[in-house]
Amino acid sequence: MDIKVLGGGCKSCEALLKAVKEAVGRKGVDAEIAYITDMEKIIGYGVMRMPALMIDGKVVSAGKVLKVKEVEKLL
């Protein structure tokens, strides 16, 4: 599974990254997690609101800090 957390490095983005890592650990999912802060790349993904979460190339959340349980449901 390819997971990307997109954000500018703010507290909200860091919180989403932490929740994603915890959810992946709890579910025991084999995933590669990347934290993308390059604004050109983020805009290239079509994301305008951050933080955003992409799973396997699809934006599944934008503009919201998901809780661990919410991330688990998306995995």
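This is a short tour of a predicted model, stop by stop.

Local features are given where pLDDT is at least 70, side-chain atom pairs count only at pLDDT 80 or more, and totals for chains, interfaces and linings use all residues. Residues are numbered from 1 along each chain as its sequence is written, and side-chain values use heavy atoms, with hydrogens and water left out.

**The sheet**

Start with the strands. Helices (H or I, at least four residues) and strands (E, at least two) are DSSP runs, numbered from the N terminus. Four strands form an open sheet with mixed pairing, in the order β2-β1-β3-β4. The edges are β2 (32-36) and β4 (58-62); each has a single partner strand, so one side of each lacks a neighbour in the sheet. From one strand to the next the twist averages 20°, taken between axes that are lines fitted to C-alpha atoms, with angles running from 0 to 180 degrees between N-to-C directions.

Next, select residues 2-6, which are β1. This strand pairs with β2 in the parallel sense over 5 bridges; pairing requires at least two DSSP bridges between two strands. Within that pairing, K4 has A34 of β2 as its bridge partner.

**Salt bridges**

Stay on K4 and show its side chain: it meets D2 in a salt bridge (2.7 Å, N to O). The term means a side-chain nitrogen of Lys or Arg within 4 Å of a carboxyl oxygen of Asp or Glu. K4 is buried at 16% relative accessible area, while D2 is partly exposed at 28%. Buried is under 20%, exposed over 50%, partly exposed in between (1.4 Å probe, protein chains only).

The whole structure has 4 salt bridges. For another, go to helix α1 (residues 11-27), where E22 and R26 are 4 residues apart and therefore separated by about one helical turn. Their closest N and O atoms are 2.8 Å apart.

A network of salt bridges links E22, R26 and E72. E72 is buried, at 16%. Beyond its neighbours within four places in sequence, E72 is in contact (heavy atoms within 4.5 Å) with A23, R26 and K27.

Then select K64 and E70, whose salt bridge has its closest N and O atoms 3.1 Å apart. K64 is partly exposed at 42%, and E70 is partly exposed at 27%.

**Last stop**

Finish at M48, in the loop between α2 (39-44) and β3 (52-55). M48 is exposed, with 65% relative accessibility.
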